[in-house]
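This report describes how two protein chains are built and how they meet. Please look through the sequence and the structure before reading on.

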Amino acid sequence: MESERKEITAADLAAHSRRHGRKATSQLLEILGRRRPHYELVTSPGGQLMFSSLLVRMDELVEKIVGNKATEEERVEYKVSVDFLNHNAEIITKYEKHSNKLKGVE
Amino acid sequence: MPDTQIVEVTDEELDAAIMGAEPTEEPGPIELTDEVDVDGNVIPPVVTKEPKETIDWEKELNDTKSDFGRKQKAMETQISTLTNSMSELVNAIKSGQGNRQQEVDDFDIDDPIPLTMGGLAEAINKLMSQKQSTTDREVTQYEGGYLKTIEKLGSDYNDKVHKHIVDRMFKEFNIRHSDNPALDAKLNFRDAEAAILREVRERKANPLSKNKGVANKNLGGATNTDQDIRTSAPVKFDKYAADFIKATGMKEEDAQKALEGDMPLYLRGRV
């Protein structure tokens with residue numbers, strides 16, 4: 001599958017440039033360059049471990065909140081965790097979307 | 001050849017003949033001698049049998065009729081030719097009659113013939129004056145008809161265009177082709193009209209003229225410049241893009257070359 005190819009090649013850049021213009025391609029490269037550290041961090045083993053710990057912690061908080069045993073601080077902790085998770089998920093989604101766009105897989 | 005018989009006549013006989021008297025002696029019969037052949041034998045006269053005269057009146061009548069028919073036909077042809085010649089002559093006379101009439105009108109038959117140089121000069125002056133007035137009248141009539149026709153011909157155009165055509169016509173095509181002013185005006189007006197239209201057509205800018213020869217490299221780009229926007233400087237990546245390219249394992253030069261391809265026509269001038 002084309003979407004499973006990890007890295008972007010010069011052929012992808014040329015094809016995208018022919019279809020959308022060199023300026024759009026260079027802008028896309030800039031966006032991907034800005035997001036790449038974050039994406040690599042999140043998708044790295046360390047990032048995966050961190051997110052796994054976070055998800056375990058969020059499961060505990062959900063049980064307390066549903067059982068009406070959570071304190072106010074735990075509710076805030078859950079809320080912050082959800083926002084953090086959504087923010088990082090959005091970054092990963094957008095990065096992959098732009099990456100696929102550059103690869104010509106949309 | 002038959003022998004000639006000489007008869008002698010006396011003077012008395014001649015006188016008597018003149019006076020109407022009977023001759024004194026009857027002239028004797030002319031004796032003819034028989035012809036003799038080489039051996040001296042007398043050749044008997046050849047007696048020719050005269051054919052018995054039998055006249056075929058019917059054949060004679062038919063021959064006469066045919067003869068008359070031929071003569072009649074010849075006469076008819078001659079009359080026809082003559083009639084045609086006369087008709088041609090009459091037509092020729094009629095066609096030339098106007099001119100001759102005009103020539104005759106120049107003179108008055110009852111006028112006395114000038115006998116002195118002064119009289120002759122006066123007559124000539126009078127004749128010249130008459131001719132001049134006739135010419136002036138004809139010119140006036142011609143010009144009137146000419147201008148009137150020009151005015152009619154301009155009904156298809158507005159006043160400005162019509163004036164332009166008429167000016168051009170008087171400038172270049174004001175030619176007298178015949179004595180018919182309407183025809184001349186029409187011909188000259190159309191000539192001027194055609195000349196103007198031809199010029200307008202040649203002056204009209206051809207929108208495709210710039211596409212002749214080598215294709216315009218700057219199509220879709222800024223006008224009035226020969227610079228080809230497609231061969232502009234290579235793309236310069238910013239820090240993040242350069243880092244990303246480096247992270248993917250590509251060289252920055254390769255990425256720049258990849259972006260140097262032909263830009264889509266629909267994007268030219270936009271990005």
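How many residues does the contact take from chain B and from chain A? The contact takes 22 residues from chain B and 20 residues from chain A, where two residues are in contact if their C-beta atoms, placed from the backbone, lie within 7 Å. The model is predicted, so that local features need pLDDT of at least 70 and side-chain atom pairs count only at pLDDT 80 or more, while totals for chains, interfaces and linings use all residues. Residues are numbered from 1 along each chain as its sequence is written, and chains are lettered from A and ligands numbered from 1 in the order in which they are written.

## The two chains

Helices (H or I, at least four residues) and strands (E, at least two) are DSSP runs, numbered from the N terminus. The table sets out the two chains. A residue is buried if 20 or more other C-beta atoms lie within 10 Å of its own, exposed if 12 or fewer, and partly exposed in between, with C-beta atoms placed from the backbone.

| Chain | Secondary structure | Residues | Buried |
|---|---|---|---|
| Chain A | four helices, zero strands | 106 residues | 15% |
| Chain B | eight helices, zero strands | 271 residues | 8% |

In chain A, residues 24 or more positions apart account for 69% of the contacts with a separation of 6 or more. In chain B, 41% of the contacts between residues at least 6 apart in sequence join residues at least 24 apart.

## Where the chains meet

On the side of chain B that touches chain A, α7 (239–248) and α8 (252–258) of chain B each supply at least two residues. Helix α7(B) gives the most to this side, with seven residues. By class, the side of chain B that touches chain A has 15 nonpolar, three polar and four charged residues. Here Ala, Val, Leu, Ile, Met, Phe, Trp, Tyr, Cys and Pro count as nonpolar, Asp, Glu, Lys and Arg as charged, and the others, Gly among them, as polar.

Two packed helices are described by the angle between their axes and the distance between the axes. Axes are lines fitted to C-alpha atoms, for helices over the stretch in contact, and angles run from 0 to 180 degrees between N-to-C directions. Helices α2(A) and α7(B) pack at an angle of about 75 degrees, and their axes are 7 Å apart. That angle makes α2(A) roughly perpendicular to α7(B), a term that covers 65 to 115 degrees. The residues of α2(A) in this contact include A:Ser26, A:Leu29 and A:Glu30, and those of α7(B) include B:Tyr240, B:Phe244 and B:Ile245. The contact of α2(A) with α7(B) has seven nonpolar, two polar and four charged residues.

## The nonpolar cores

A nonpolar core is a set of buried Ala, Val, Leu, Ile, Met, Phe, Trp, Tyr and Cys residues joined through C-beta atoms within 7 Å. The largest nonpolar core has 15 residues, of which A:Leu29, B:Phe237, B:Ile245 and B:Ala255 touch the most other members. Helices α2 and α4 of chain A and α7 and α8 of chain B each supply at least two residues of this core. Apart from neighbours within four places in sequence, B:Phe237 is in contact with A:Ser26, A:Leu29, B:Ala242, B:Ile245, B:Glu252 and B:Ala255. A second, separate core of nine residues includes B:Tyr146, B:Val166, B:Ala185 and B:Ala192.

In helix α1 (residues 10–20) of chain A, the buried residues are A:Asp12, A:Leu13, A:His16 and A:Ser17. They lie on the same side of α1(A), because they cover an arc of only 130 degrees around the axis; the arc is that of the directions from the helix axis to the C-beta atoms. An α-helix has 3.6 residues a turn, so residues three or four places apart point the same way.

The buried residues of α1(A) pack against α2 (22–43) and α4 (72–103) of chain A together with α8 of chain B. The face of α1(A) turned away from its buried side carries the exposed residues A:Ala11 and A:Arg19. A:Arg19 counts as exposed because it has 12 C-beta neighbours inside 10 Å. Just after α1(A), A:Gly21 takes a positive phi of about 100 degrees.

## A helix pair within chain B

Helices α5 (residues 159–172) and α6 (residues 181–203) of chain B pack at an angle of about 110 degrees, with their axes 8 Å apart. That makes α5(B) roughly perpendicular to α6(B). The residues of this contact divide into six nonpolar, two polar and three charged.

How values were computed. Angles under 35 degrees count as roughly parallel, over 145 as roughly antiparallel, 65 to 115 as roughly perpendicular and the rest as oblique.
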